Amino acid sequence: MIAVTVNGQRHELDIEAETPLLWILRDELGLTGTKYGCGIAQCGACTVHLNGAATRSCQVQIGDIDGAEILTIEGLSADGTHPVQRAWIEHDVPQCGYCQSGQIMAAVALLKEKPDPSDSDIDTTITNICRCGTYPRIRMAIHRAAELAKG
Amino acid sequence: MGVLSREVGLSRRGFILASLSAAGGLMIGIRPVDAATPDSAGAELGAWIVIDPDESVTLRVAKSEMGQGIFTALPMILAEELACDWRHVRAEYAAASRNLADKQIYGSMGTGGSRSVRGSHEMLQQIGASARERLIAAAAKRWQVAQSECGAANSHVQHAASGRRLSYGTLAAEAAAITLDQEPAIKAPESFTLAGLPLARLDTKPKTNGQAPFGIDTRLPDMLYAAVTLCPVPGGKVKSYDDSAVLARRGVHSVVPVPGGLAVVADRFWRAKEAAAALQVQWDPGAGAGTSSAMFRRDYRAALDGPLETARKEGDARATLAATPPTGGKLVEALYEVPHLAHAPMEPLNCTARVTTDKVEVWLGTQNPDMALQLAAKAAGMAPEKVEIHNCFLGGGFGRRSMNDELIHAVTVAKAVGRPVKLIWTRETDMQHDRYRPQAALRARALLTAGESAAEGSVARIEALHLQTAVGSITRSLGWKALAPGIEPQAIEGLANLPYAAANLLVECVLKNTHIPIMFWRSVGSSQNAFVVESFIDELAHAAGEDPYKFRRRLLMDSHSNYVKVLDVAAEKAGWGSPLPAGKGRGIAIHEAFGTIVSQVAEVAVDKGQVRVERVVVAVGCGHVINPRLVQMQMESGVIYGLTAALGDAITIKDGAVEQTNFDSYPMLRMAEAPRIETYLALSGGKRWGGIGEPGTPPIAPAVCNAIFAITGKRIRALPISDTDLTSRT
């Protein structure tokens, strides 16, 4: 049995150790906000926080993270009002929306490291792919989230 | 005219916007994916509008939400005439099954050609106006007053003389029973009060908390999962396979043949995917065996030598060019080439299906629910009337989800195993079994001669212009009806409607297909034709020794003043002509597609051969605007989509198969490479209702390539740009 804590809830799993965390979240736990985009850590649609760090869950084998704490988009806030979510709504960031859970989780991690990130910080840290090209709005929203977080 | 995000200047509109934003009560209504029946208990006013006693107004959308904002734009049009309170509006998909049963009551539900707003605004206005009048009639009847004494606003009907007022929620059931003697007139766009505002999208919140339902998120009781392995060469099939080892794996249920390959069914997707990869299959590659992109390239080049069909002819360009060189004439000739391109939507193709003895249910994101319904019926061997399509949010479409190959797989497998199945194409399958933007070769030849301009004296004029394209036929690839001799609109859009003045003009086309399936890719034929026309016009400007902006302007002035207006906005806002540091330059392009004229100026830096697009100024002439925020978003999106392809993407064929597999070999533009993008509205109002989903894409490739020429003197004639070595200057 492998145990992980996801969004504060502990789960024990009888599953192949090499199963990627992504598919544990989506198919075992029904947390479909975390998305499959490429399966090779290129796109970042599957980004979650693993023990506090932004991580591409398609490349994490469940057997390697026994006992880990995981945060997904569903656990980011109870009512969708995390400063990053609020900033995303203010700037109407999403278009198709498919990559946005991953973008938001990556942005939350960036702001934790750097509460007031520069454009260059955003360029180097936010490497998730958005096929709709929402990058200009993601950039604005991250700056706005930094303001909101300061209150 | 101004930056769109600061568009709201008028106080009346500003007030409305502020009051709507303050409410913050917008909600999205997509039916829960496994709900058996519509969730609305309210009164239906026609097939489009449901008003509940609690005042919520559900507006049905018969087009697909794939990021372009149609779940906001079309409800805004309905709400404009309905005079309902926008804060109570929910959007939900119209059902394809009802469209079938009710004789196309929703019209064509296909989403494409940037036509959702321009193609349905009149119908939606009429439906909204009609419902409003029925609500007014219901109130008038209750009050025993003349209908003409009553008016509607903000989800209420008022009787001004008596000061009485009733809410839509109170009146809806009675209004539903009323038939109007005659249909009311609809508003002219000039009197819109809601439409035209930069309202927030209705679908934003669920797209920020993981709750937005995409097809891939569908979960049904007793559901199995499936992954496919398809013949690497499109059009090929399974020769033989051995599934004994795979069937012994944990969780694997069965192996089911599907068109083009095999599906492995398991109790978890990961198990199905791993098993599919391990399946031993011998393939019969079919007619495409042994082919390559290089072979296609030779074939398309050779096809340009004829025979070709005439798409447009004015004067005799061929004879004029053959007679060269006349005194003072300058002949310019260039061959341009573009590769196949993948759509690569972020959500890989997937479909969930449940097939029982008397019903087929399908969950997916489709751009064409009407066709999906027919495909599902055929794959299940059942009557179309037995099919229900549950359209979901599309994780990107860009044309790919106009033909749902994944649906045929899912229905086939669900029928075979007798349980619900979620079938997902991996990214690799999605990329290697796309229906691609066609590869093409185009040739342009022109004769420049000295002309006279009243304002500028002696200037160059285009004495003759000859444009030829050799490209695949999309409709033939899709198996649609046979074409009139050798021309289809998709091949020549952006060529045959060339706006520039040329004394003699000939546009020719030859359609030539390979085994590689091709389809509509955001902006379709304009995606390659704008690159060629706008690059070649730039070549002509330089050959004539003229400024590329002024050269275009002069050749458009007499017959296309609307183009000049758009071009001027782009040039002015970009600071065309103002100095830039060494290694940087600007390029300009203009193109009309789907009823909208877009001009873009790209500000580009080339450093040690590396191209960096720093800033893009977009001037968009789409006429009437339902929501300027959506226009701005689509211009940004279109630029980045086109730029991604132009900079470094190509689908190449080796031994008949696609070589690229994922985002490592088919790279995507990311944050660090994304330019600043400024969008300006040009050409407001008038008679024009232009599309916005696609027209932002075509101008970016030529604008960037023209900037690269301005910096390096190197003319990019084959995409992607990364195929050209820019490390040394010419």
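The model is predicted, so local features need pLDDT of at least 70 and side-chain atom pairs count only at pLDDT 80 or more, while totals for chains, interfaces and linings use all residues. Residues are numbered from 1 along each chain as its sequence is written, and chains are lettered from A and ligands numbered from 1 in the order in which they are written.

**Chain B overall**

- Chain B has 19 helices and 27 strands, where helices (H or I, at least four residues) and strands (E, at least two) are DSSP runs numbered from the N terminus.
- The radius of gyration of chain B is 28 Å, close to the 27 Å that the globule rule gives for 730 residues, so chain B is as compact as a globular protein of that length; the radius is taken over C-alpha atoms, and the rule is 2.2 Å times the number of residues to the power 0.38.
- The C-alpha trace of chain B spans about 85 × 75 × 45 Å along its principal axes.
- Of the 730 residues of chain B, 58% count as buried (20 or more other C-beta atoms within 10 Å of the residue's own, with C-beta atoms placed from the backbone).
- Among contacts in chain B with a separation of 6 or more, 77% join residues 24 or more positions apart, a contact being two residues whose C-beta atoms, placed from the backbone, lie within 7 Å.

**Helix α19 of chain B**

- Helix α19(B), residues 700-712, has 13 residues and reaches 18 Å from its first C-alpha to its last, close to the 18 Å expected at 1.5 Å a residue (1.5 Å times one less than the number of residues).
- Because 12 of its 13 residues are buried, α19(B) is largely enclosed by the rest of the structure; the cover over these buried residues includes α15 (526-543), β23 (596-607) and α18 (628-648) of chain B.
- Just after α19(B), B:Gly713 takes a positive phi of about 75 degrees.

**B:His156**

- B:His156 lies in strand β6 (residues 156-159) of chain B and counts as buried because it has 20 C-beta neighbours inside 10 Å.
- Leaving aside neighbours within four places in sequence, B:His156 is in contact with B:Arg165, B:Leu166, B:Ser167 and B:Tyr168.
- B:His156 and B:Ile711 are 555 residues apart in sequence and 61 Å apart in space, C-alpha to C-alpha.

**Contact between chains A and B**

- The contact takes 44 residues from chain A and 48 residues from chain B.
- On the side of chain A that touches chain B, α5(A) gives the most, with 4 residues.
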